[in-house]
Amino acid sequence: MTSGRHFLQIPGPTNVPDRVLRAISYPTIDHRGPEFADLGRAAIDGLKSVVRTESDVVIYPSSGTGAWEAALVNTLSPGDRVLMFETGHFGTLWAGVARDLGLDAELVPGDWRSGVDPEVVEEKLRADADQRIAAVAVVHNETSTGVTSRVPEIRAAMDRAGHPALLLVDTISSLGSVDYRHDEWGVDVTVGCSQKGLMLPPGLSFNAISAKALRASRSAGLRRAYWDWGPMLDANTGGYFPYTPATNLLFGLREAVAMLHEEGLDQVFARHRRHAEATRRAVSAWGLEVLCRVPSEHSPVLTAVLMPEGHDSDELRSTILGGFDISLGAGLGRLAGKVFRIGHLGHLNDPALLGTLGGVEAGMRIAKVPYRPGGVTVAAEYLADTAGEAG
Ligand SMILES: Cc1ncc(COP(=O)(O)O)c(C=O)c1O
């Protein structure tokens, strides 16, 4: 038995604010009744304001993987080539979904320590003289590595190449935590879900759809039923859904979006950057290495920390869980046992971050991981020196 709250510091699902939990606990209403239309519209409009789009947004009762599939089946035809990037575990998994659907996914190899290189995007598109590439699909924030790709630069590279491919972006772990602009950045389909920066439990996923993507959906040949944008958009015009929506999660979404706007999106993003910087300072004071090796791509959402040679990150995580009731993210895929991930996204404040870093530092002492003491002090000093700037 432990007392006090569990610290859920994985990079999603994240801590759900009490306000959101209370909203989710409202009695379920008739999803075809008059009261629902207001909720449906508020949820969709709220999401548009976070994705920063004037175009359509559809909401599915599903995990993020469903929204990956929806983005592909609504815009592409069997055998279409999709340019994808091995930024880490999730970039690789998305390419697997594309292949399973009968698409020709080209996975550009990566080192799992950096994001999508806009120059490579430009080269690949310029080399595609007969324009076989139908879409470029990138993960904005690679949750397995703590690397954030530069979407506006990728868009600019596509424009320089003068290539008509669609741009599909996975914002599953960035939305609501990292600056993101669907319309301004010329994204065709934004893929998102509930359980990370939006501070909701798992269970909702989204697609934001540009006019170009909507046109593409009319001739896209992949088979689709549940994920079809058409019936969803038709029903959404009245605030309804073509099948039973996750009503109580929509109550939560409306509340969570209200919270984000009360704080102010720019302030929310600044808070995440500041917490990420404090975390990286702690890591380097400990004498450990952050996995992301490109400073301009450091994730504001999570920090993946490389274990010293000969030490296993899962053992350290289990020591920290057992000793301090803090859950940290595991190394995924080829990073299993090699990194641990500190989630600093969503409903988080300075004392919660310091508590987390304190648990990591104390856990390293117990687990006899070689480190220099003092990382927490360095983080606290940084937070003190920047207090009031954000968060
Ligand atoms: C960047 C990214 N994409 C996709 C997914 C898959 O989402 P889900 O597990 O909700 O299906 C995740 C899950 O963590 C993710 O972080």
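Tutor: One definition before we start: two strands pair if DSSP finds at least two bridges between them. Keep in mind, too, that this is a predicted model.

Student: Okay! Which residue is the bridge partner of V290 in strand 12?

Tutor: That's V305. The two strands here, strand 11 and strand 12, pair in the antiparallel sense, over two bridges.

Student: And what's the order of the strands in that open sheet?

Tutor: The order is 11-12-14, three strands with antiparallel pairing.

Student: Which strands stand at the edges?

Tutor: Strand 11 (289-290) and strand 14 do. Each has a single partner strand, so one side of each is left without a neighbour in the sheet.

Student: What packs on the sheet?

Tutor: Helix 10 packs there and touches strand 11, strand 12 and strand 14. The direction of helix 10 makes about 10° with that of strand 12.

Student: Let's zoom out. How is the protein chain divided into domains?

Tutor: Domain 1 takes in 7-14 + 264-385, and domain 2 covers 18-261. Taken over C-alpha atoms, their centres are 27 Å apart.

Student: How many residues does each domain put into the contact?

Tutor: Domain 1 gives 28 residues and domain 2 gives 29.

Student: Which element supplies the largest share on the domain 1 side?

Tutor: Helix 10, with four residues. Helix 10 (265-285) and strand 12 (302-306) each supply at least two residues of that side. By class, the side of domain 1 that touches domain 2 has 15 nonpolar, nine polar and four charged residues.

Student: Switching topic: where does K338 sit?

Tutor: K338 is in the loop between strand 13 (326-328) and strand 14 (339-343).

Student: Is K338 partly exposed or buried, and why?

Tutor: K338 is partly exposed, because 18 other C-beta atoms lie within 10 Å, while a buried residue would need 20 or more.

Student: Which residues is K338 in contact with, leaving aside its neighbours in sequence?

Tutor: Beyond the neighbours within four places in sequence, the contacts of K338 are L306, M307, S313 and G331.

Student: Last one: which residues surround the ligand?

Tutor: The shell is G12, S63, G64, T65, F90, V139, T143, D170, I172, S173, C193 and P202.

Student: How does that shell split by class?

Tutor: Five of its residues are nonpolar, six are polar and one is charged.

Terms used:
Residues numbered from 1 in each chain as written. Predicted model: local features only at pLDDT ≥ 70, side-chain atom pairs only at ≥ 80, totals over all residues. Near = placed C-beta within 6 Å. Nonpolar A, V, L, I, M, F, W, Y, C, P; charged D, E, K, R; others polar. Domains from an automatic or database assignment. Contact = placed C-beta atoms within 7 Å. Buried ≥ 20, exposed ≤ 12 C-beta atoms within 10 Å, placed from the backbone. Axes fitted to C-alpha atoms, helices over the stretch in contact; angles between N-to-C directions.
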